[in-house]
Amino acid sequence: MTIKPLIILPDPVLRQQSKPIEKVDAEVLRLADDMLETMYDAPGIGLAAIQIGVPRRMLVIDVAREGEEKTPIVFINPEILKVSDDISTYEEGCLSIPDYYAEVERPASLTVQYVGRDGKQQTVEADGLLATCLQHEIDHLNGVLFIDHISRLKRDMVIKKFTKAARAKV
């Protein structure tokens, strides 16, 4: 397993649409392992493949709390089938937008269909933190960032800050 460098805002790669994965093979499983290693190292609770520069429809999540046993889940080609009318608000952050957090409203629960590590189609019904994390990571696969769910003024300020920081590094 290899820890991969994270793609950071304003890199345009983060706005790319990710392509479906045709089959679960050794290369896909290795990518999943690298993504988990990268997510745990960051540390984070979710990571989409695009965040390490791989435009494939895969994400990894582990919402186990500190001190609990790790419960990693690999979602290949995840698709939201149904969302609730109920809304929940979580303070979200993102490994690609380090040290920035904002309150985001999303459906409180949802049903997601995906392919697991074993190559089999699966369905999960999620609420709470898992529901929020799934929606956040699936957004990444569609080129959407959590800051797209906040006010334009706040979003523009964040983008400006990260653009300035990126220029300073060059």
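## Cysteines

The structure holds zero disulfides, a disulfide being a pair of cysteine sulfur atoms within 2.5 Å. The sulfur of C94 is 10 Å from the closest cysteine sulfur, in C133, and that is too far for a bond. C133 is likewise in no disulfide. C94 counts as buried at 10% relative accessibility. C133 counts as buried too, at 6%. Here, buried means under 20% relative accessible area, exposed means over 50%, and partly exposed lies in between (1.4 Å probe, protein chains only).

## About the model

This is a predicted model, in which local features need pLDDT of at least 70, side-chain atom pairs count only at pLDDT 80 or more, and totals for chains, interfaces and linings use all residues. Residues are numbered from 1 along each chain as its sequence is written, and side-chain values use heavy atoms, with hydrogens and water left out.

## The sheet

An open sheet of five strands has the order β1-β2-β3-β6-β7. The pairing is antiparallel. Two strands pair if DSSP finds at least two bridges between them. Strands (E, at least two residues) and helices (H or I, at least four) are DSSP runs, numbered from the N terminus.

Which strands stand at the edges? They are β1 (46-48) and β7 (121-127). Each has a single partner strand, so one side of each is left without a neighbour in the sheet. From one strand to the next, the twist averages 40°. Axes are lines fitted to C-alpha atoms, for helices over the stretch in contact, and angles run from 0 to 180 degrees between N-to-C directions.

## Strands β3 and β6

Strand β3 (residues 73-83) and strand β6 (residues 109-115) run antiparallel, joined by five bridges.

Contact means heavy atoms within 4.5 Å.

Helix α2 covers residues 128-141, which is 14 residues. At 1.5 Å a residue, it should span 20 Å. The expected span is 1.5 Å times one less than the number of residues. The end C-alpha atoms of α2 are 21 Å apart, which agrees.

Is α2 enclosed or open to the outside? Of its 14 residues, 12 are buried, so α2 is largely enclosed by the rest of the structure. Among the buried residues are L130, C133, H136, E137 and D139. Just after α2, G143 takes a positive phi of about 75°.

## Aromatic pairs

The structure holds two aromatic pairs. Rings of Phe, Tyr and Trp (its six-membered ring) pair if their centres lie within 6.5 Å; planes under 30 degrees apart count as stacked, over 60 as edge-to-face and the rest as tilted. F75 and Y114 form a tilted pair, 4.4 Å centre to centre with 55° between the planes.

This pair links distant parts of the chain. F75 is in strand β3 and Y114 is in strand β6, 39 residues apart. F75 is buried, with a relative accessible area of 1%. Y114 is buried at 7%.

I97 is in strand β5 (residues 97-107). It is buried, with a relative accessible area of 0%. Not counting residues up to four places away in sequence, I97 touches L9, L145, F146, I147, V158 and F162. The C-alpha atoms of I97 and E27 are separated by 28 Å, and these residues are 70 residues apart along the chain.

L9 is in the segment before α1. At 7% relative accessibility, L9 counts as buried. Leaving out residues up to four places away in sequence, L9 touches I97 and S96, and others including L14 and I159. L9 and Q51 are 42 residues apart in sequence, and 9.9 Å apart in space, C-alpha to C-alpha. S18 is also in the segment before α1. S18 is buried, with a relative accessible area of 7%. Leaving aside neighbours within four places in sequence, S18 is in contact with I50, P55, R56, R57 and L141.
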